[in-house]
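Subject: Structure for you to look at

Hello,

Here is the structure I promised to pass on. Please open it and keep it beside you while you read my notes below.

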Amino acid sequence: MVTPSAQQRVIVVGGGLAGLAATIRIAESGMPVDLFSLVPVKRSHSVCAQGGINACNKIARQQGYSEYEHFDETLYGGDFLQHQPPVYEMAQWAPKIIDLFDRMGVPFNRTSEGQRALRLFGGSLYKRTHFSGATTGQQLMYALDEQTRRYEAEGKVNKYEFWEFLRPLMDDQGVCCGIVAQDLRTMQIRAFRGDAVVMATGGPGLVFGKSTNSVMCTGAAASRCFQAGAKYGNPEFIQVHPTAIPGADKLRLMSESARGEGGRVWVPAKKDAEGRWQPHPESGRDPRQIPTEERWYFLEEKYPAYGNIVPRDIATREIFDTCMKGFGVGGGNMVYLDLSHKSREELETKLGGIIEIYRKFVGEDPVEVPMKIFPGVHYSMGGLWTQYSPNRKYDEIAKKLREINDPIEARNLPVQKRNNEILQRNYEIDQQIADLRDKGGSDDEVQKLEDSKQTPEKLEPYVSLADLHGKDALPVGMDPDAPNNMMTNIPGLYAFGEVNYQYHGGTRLGANALLSCTFDGLFCGRSVVNFVRERAHTPAASLPSSIFDKGVEAEESRMKQLVESSGGENPYEIAKELGLEMTASSTVIKTGPRLEQSLNKLEELRDRYSRISLSDSGFWTNQNLSWARAVGDMIALADPIVRGGLAREESRGSHYRTDFLGRDDSRFLKTTVAEFDASTGRSKISFEEVERGLVGPRVRDYSTTKKSKAQVPAPTSADDPKQSPRVSDPNADVSGARDVRAPGDSEKVSS
Amino acid sequence: MIQSNDDTDLATDTRGHAANGKGPSGARTIRVRIKRADSHGKNVRWEEFKVDLPSAGERDGAINVIACLQQIASNPVTVDGTRSTPVTYESGCLEEVCGSCTMVINGKVRQACSCLVDDYAPNDGDLITLEPMSKFPVVRDLWVDRSRLFKALASVKAWVPIDGTYDLGEGPEETPDEQQTRYKLSTCMSCGCCLEACPQYTLEEDESKFDESFVGAAVISQARYFNMHETGATMKKQRLDTLAGPGGINNCGNSQNCVKVCPKEIPLTESIAAMGRSVTLHRIKEFFSGR
Amino acid sequence: MTNDQSFMNKHHFLLRRLHSLTGIVPIGLFLIGHLTTNSSIIWGAINGRATHAMDPELVEGVGKATAGQVGTFQHEVTFINESVPFLILIEITLWLSIAFHSILGIYYARTGKANTKRYEYQGNWRYTLQRISGYVGILFIVYHVATLRWGWTWLIPGGTKWDYEYASSTLAMALKGSETGDWTFLGVLVSLLYLLGVTMLVFHFANGLWTAAITWGVTITAKAQRNWGYVCAALGAGLMAAGWGALFGFLFVDVQAAKDIEEEMLRKKSADIVEPEAVSMIPATEHTLVAIEA
């Protein structure tokens with residue numbers, strides 16, 4: 001091993017969970033870190049994470065849960081779009097990460113015995129989510145902030161807070177050697193040398209206008225890397241969180257933990273003569289006065305196994321759909337999220353943080369009155385495209401499994417194709433039924449249409465790693481020593497956390513984000529150090545200053561151009577229109593024509609952006625300039641989000657196209673890779689195989705419990721509307737159903 | 001059946017959400033008066049803007065001071081018709097967990113994001129005044145430099161001195177009661193409300209004065225937080241020595257404003273008293289043991 | 001921390017805590033004794049023993065109540081001035097404590113800046129009032145001692161000279177502002193000054209006692225602080241009653257009657273008649289506490 005050069009340093013951009021974890025890990029290894037952040041790191045967006053962090057734990061393990069199950073759930077939740085080795089490694093590391101945070105002093109909630117308490121979370125039937133009130137992200141990030149402060153005090157970390165990352169810099173070989181950044185107070189633009197650059201800049205929520213994200217989550221940093229040549233993976237996968245409270249400035253998250261702790265989603269409704277739910281004619285009733293038989297717990301009814309804790313994309317679509325059908329509270333776009341049956345004491349202890357937010361911003365007490373919520377853009381599964389090295393046994397095992405599974409897949413794919421056609425037809429029939437009902441068509445006609453629907457065929461189950469080797473840990477995750485783990489296609493430029501496209505595939509399971517962010521920092525921090533050590537003979541410090549001067553000049557001229565431009569277009573207006581357009585075309589429901597329309601809108605916005613005028617042309621603390629610059633980068637990033645959505649002609653996870661229902665594994669069990677074409681300013685989309693050698697892609701269906709054993713045939717698709725309602729009596733004792741999942745009661749949980 | 005997002009737009013169409021039954025519901029125009037400055041003490045001036053609030057039925061949820069500032073930013077024209085510049089301010093999460101948008105609103109310090117205009121300016125023509133925090137140097141307009149607060153956290157060694165990020169097993173166990181006490185303290189977002197409202201906390205522009213001037217409730221409470229943790233307590237002595245010294249716990253004047261303005265309702269005065277006891281015992285022990 | 005630490009910084013903790021301590025012992029304890037003694041000008045009315053040794057004719061002439069009031073108070077004053085050992089040492093200790101507490105108090109008060117205008121919380125008002133009452137208290141104590149102890153008679157309307165053997169009548173004259181015992185405008189001002197001074201000092205002490213419990217870490221939880229607050233408020237109310245009582249007592253005592261009683265007591269004393277049981281009228285400890293009499 002080459003000794004690290006005394007001159008070598010690492011640049012970390014972003015001071016959230018991922019950035020701080022990386023900083024600590026790298027600094028700990030003796031490598032000095034320059035940490036850049038738009039805001040004081042303690043104010044990073046990670047503080048908004050509420051619910052918790054997933055990991056296999058002592059109790060769940062004794063109920064049959066394991067790191068393997070966590071890995072499998074994550075794949076299943078993500079509709080198998082992930083590269084599997086990194087997910088496997090992350091699940092293995094999860095318990096260690098919890099222990100580490102525990103040692104750092106994070107006040108995890110405790111049981112009466114003093115053990116770390118656990119809660120239920122989306123996409124799992126085991127209590128495997130560790131939490132600290134309802135502000136887990138804040139607590140975890142503060143722990144890392146404190147450790148960073150410690151290293152800062154020891155001189156191992158240099159913080160550059162209120163500095164904005166403007167572009168990565170590459171040497172003649174195309175290796176990343178530093179960044180250009182700007183001090184947002186003095187507006188000074190400077191280049192910094194770094195032997196590796198870690199991007200940990202979070203998601204692009206603001207591209208969608210209002211989201212649950214913080215104001216700095218513009219995605220501009222990722223976009224700047226993208227425009228500098230870094231590939232972007234799965235851009236179209238945007239998670240819309242089912243439960244948020246709308247606001248004039250942003251949407252405020254109401255954590256999934258509200259449902260994990262027993263919160264129930266319902267709308268006021270009434271059953272007609274045939275026992276079908278109909279919107280209740282009376283609106284504006286006090287929800288507390290609505291009798292049980294007039295409350296439609298639609299998630300519990302449609303997904304008896306998971307109930308209110310189905311993954312987010314499913315809950316979101318259901319809420320969306322329910323409101324579209326006129327069931328929304330007061331006829332509007334909101335449903336009740338009800339915690340009022342829980343005790344005040346328990347709610348204050350476990351959910352105090354979100355209850356306080358609801359009280360402060362809505363003015364009602366969720367302990368007394370059901371909360372009114374609606375979905376809001378929340379997270380980007382997509383991000384900068386990154387690579388990794390699988391661990392030593394992966395190739396061998398994957399090869400063996402592929403040999404078994406390839407023939408199964410060959411038989412399954414045509415079935416899936418036929419099933420998708422059925423789904424599409426059934427969808428059209430549903431629309432016809434809706435039209436018919438609007439026109440007052442007879443029940444017979446409706447029934448005839450209903451009868452014309454077809455049921456999809458069953459698929460043959462795949463053989464998984466667990467079937468061959470059991471669930472114990474194997475070296476099939478990532479190679480911890482490889483320097484390329486979570487490195488973008490630009491050597492030396494890494495992407496950690498939400499800005500990394502790995503781990504979550506088509507949908508992220510709740511409480512996996514805190515895990516993936518920290519895991520990236522800790523696990524791949526070591527890769528960064530290894531990379532830097534390998535290039536000790538050509539440290540960034542030895543490179544000619546012309547590389548750096550050029551970067552500064554380019555950014556200075558960009559700034560000058562923005563300040564001097566006088567076309568009259570308002571950057572705030574452009575951003576607002578961008579947000580509205582992106583939300584309309586690229587969130588819950590997508591269609592080809594709507595996405596095409598969005599591309600035209602983006603053209604218009606791009607054109608108008610070239611003619612913006614700033615209302616502040618000063619060169620001191622000019623937030624207007626910073627914002628206007630970011631708006632341009634947001635448009636550049638919106639492009640692959642729309643194009644990716646258009647190219648992916650299937651429905652998978654959060655990406656739901658009504659013109660292409662159902663998953664199409666033959667064409668799209670692939671990563672969307674977007675590349676920026678500097679000559680046109682547009683992105684190019686291609687598809688790349690995902691590494692899925694450990695678990696075959698089952699049909700994702702949350703209406704029954706997860707079946708991971710190959711022997712058990714998977715049931716029909718979740719997207720089949722006919723298959724969805726399984727419980728005829730919505731008033732069935734769901735609280736009993738929840739108790740099933742309490743610790744100490746494992747036999748009812750399938751394995 | 002869902003047709004498209006346009007029908008149920010996530011961001012714009014949230015009918016019915018705004019009206020929560022309280023406060024005014026009609027469309028109105030309020031005035032926002034802002035104390036601006038180019039930098040600390042430079043070109044200090046007041047500017048007044050008009051902000052149009054839609055009626056409850058038209059609103060996308062509750063309107064807060066940040067939404068007003070956003071509206072001003074998109075068209076910064078003062079009431080007397082002068083074209084101005086967008087107001088500079090810090091903001092982050094907008095849900096009162098990051099501490100960024102702390103400012104003085106109608107004379108009192110708080111976060112702008114959780115300040116709803118229906119509470120502060122219920123009638124047409126009502127005025128809201130915004131000022132930067134007075135205990136920190138102004139960077140520009142409402143943005144102040146709070147780095148002193150973070151430096152103070154380092155001075156009390158506000159961290160648990162772990163042996164690195166290796167896999168070394170679980171942390172110390174604790175009872176639910178201890179956890180609840182620590183959790184409450186740990187929600188401190190270093191916003192500085194307690195410092196702004198504290199009559200003993202003073203504006204210091206000269207960094208050399210940081211140590212001698214009162215450190216404030218937030219940092220004292222954080223010292224207590226770390227002293228309460230089994231591993232954190234290994235640095236108890238250093239923390240108490242710092243707090244026993246100039247600018248430490250003894251500078252507290254017990255006005256107890258801190259606990260009144262704390263947005264997270266952290267029992268800051270209990271922290272101060274608890275650290276008072278620790279420091280007292282620490283010094284007595286030191287006196288008699290000679291160490 | 002800086003290397004060239006100032007004296008204040010170097011001994012920061014000790015000075016701060018001594019400042020807190022001196023406010024309670026000896027100053028606070030003295031205040032309690034002082035006000036209790038002085039209030040005897042009211043409650044002495046029901047002290048029958050005080051008049052035992054007096055000429056019954058005189059007692060009847062001035063009224064039993066007045067005789068008891070003046071008699072009790074004069075007895076106390078005489079005891080302190082004649083029987084308390086090391087009076088001068090006690091006096092010096094007290095003086096040093098007050099000086100120390102005052103000088104540091106002013107220094108510390110100057111480190112803060114009141115903001116009651118913006119934060120109109122009760123606790124904040126007390127914070128501000130604690131500082132104001134400190135300043136007022138210092139001025140009042142200086143005036144009070146200078147006029148009645150150091151004989152700065154030019155500061156007293158009517159120019160009455162203090163003599164402990166004629167304490168009651170002197171005080172009445174000083175407060176009313178004339179040798180004759182008639183009210184004068186300046187006398188009213190002096191009385192108001194006393195009212196203000198006593199009020200401020202009692203508040204300063206009671207509130208200081210409350211904050212000291214936090215400073216030293218005796219009361220930690222909000223509830224404990226509230227409980228202790230009730231105790232301090234009760235103590236403050238009691239002292240306030242004693243202080244105001246004393247003030248009104250002296251204001252309304254008949255100067256001539258007081259003089260007569262004082263003369264009578266002096267005569268008795270020169271005849272070496274000391275009522276032994278009168279000594280036990282007030283517990284011994286309080287005798288020492290009220291060492292320096294008004």
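Predicted model: local features only at pLDDT ≥ 70, side-chain atom pairs only at ≥ 80, totals over all residues.

Start with strands β8 and β9 of chain A. β8 covers residues 176-183 and β9 covers residues 189-193. Five bridges join them, and the two strands run antiparallel. To see the pairing, find A:Val180: its bridge partner in β9(A) is A:Ala191.

Sheets in chain A

Next, the parallel sheet. Five strands build it, in the order β6-β2-β1-β10-β20 of chain A, and the sheet is open. Which strands stand at its edges? They are β6 (157-161) and β20 (493-495). Each has a single partner strand, so one side of each is left without a neighbour in the sheet. From one strand to the next, the twist averages 20 degrees.

Look at the β20 end. Strand β10 of chain A, residues 196-199, is joined to β20(A) by three bridges, and the two run parallel. A:Val198 has A:Tyr494 in β20(A) as its bridge partner. A helix packs on this sheet as well: α1 of chain A, residues 17-28. Helix α1(A) touches β1 (10-13), β2 (33-37), β6 and β10 of chain A. The direction of α1(A) makes about 170 degrees with that of β2(A).

Chain A also holds an antiparallel sheet. Four strands form it, in the order β19-β11-β21-β22, and this sheet is open too. Its edges are β19 (383-384) and β22 (682-689) of chain A. Both have a single partner strand, so each keeps one side without a neighbour in the sheet. β11 of chain A spans residues 232-233, and two bridges join it to β19(A). Within that pairing, A:Gly233 stands opposite A:Gly383. Helix α6 of chain A, residues 220-227, lies across β11, β19, β21 (670-677) and β22 of chain A. It runs at about 75 degrees to β21(A).

As a general point, in a regular strand the side chains alternate between the two faces of the sheet.

Salt bridges

Side chains of opposite charge can pair when their charged atoms come close. How many salt bridges are there over all chains? The count comes to 102. One of them joins A:Asp102 and A:Arg116, at 2.8 Å from N to O. This pair links distant parts of the chain, 14 residues apart. A:Asp102 sits in helix α4 (residues 84-104) of chain A. A:Arg116 sits in the loop between α4 and β4 (118-119) of chain A.

Where chains A and B meet

The contact takes 102 residues from chain A and 96 residues from chain B. Together the two chains bury about 8300 Å², 53% of it on carbon and sulfur atoms. Which three residues supply more of chain A's buried area here than any other three? They are A:Arg43, A:Arg103 and A:Phe361, with 11%.

Six salt bridges cross this interface. In one of the pairings, A:Lys360 meets B:Glu96 at 2.5 Å, N to O. There are also 37 residue pairs in polar contact. On the side of chain A that touches chain B, helix α5 (residues 136-153) of chain A gives the most, with eight residues. By class, that side of chain A has 39 nonpolar, 33 polar and 30 charged residues.

Where chains B and C meet

Here 35 residues of chain B are in contact with 32 residues of chain C. The two chains bury about 3000 Å² between them, 50% of it on carbon and sulfur atoms. In chain B, the residues that lose the most area to chain C are B:Pro246, B:Asn250 and B:Asn254. Together they make up 19% of what that side buries.

One salt bridge crosses this interface. C:Arg118 forms it with B:Glu131, and the closest N and O atoms are 2.7 Å apart. The interface also has 20 residue pairs in polar contact. β4 (108-111), α5 (193-197), α8 (257-261) and α9 (268-289) of chain B each supply at least two residues of the side that touches chain C. α9(B) gives the most, with nine residues. That side of chain B has 11 nonpolar, 15 polar and nine charged residues.

Best wishes

Technical notes:
Residues numbered from 1 in each chain as written. Chains lettered and ligands numbered in written order. Heavy atoms only, no water. Pairing = 2+ DSSP bridges. Contact = heavy atoms within 4.5 Å. Axes fitted to C-alpha atoms, helices over the stretch in contact; angles between N-to-C directions. Buried area = accessible area lost by both parts, 1.4 Å probe. Salt bridge = Lys/Arg side-chain N within 4 Å of Asp/Glu carboxyl O. Polar contact = N/O pair within 3.5 Å; in protein donor to acceptor, adjacent residues only side chain to side chain. Nonpolar A, V, L, I, M, F, W, Y, C, P; charged D, E, K, R; others polar.
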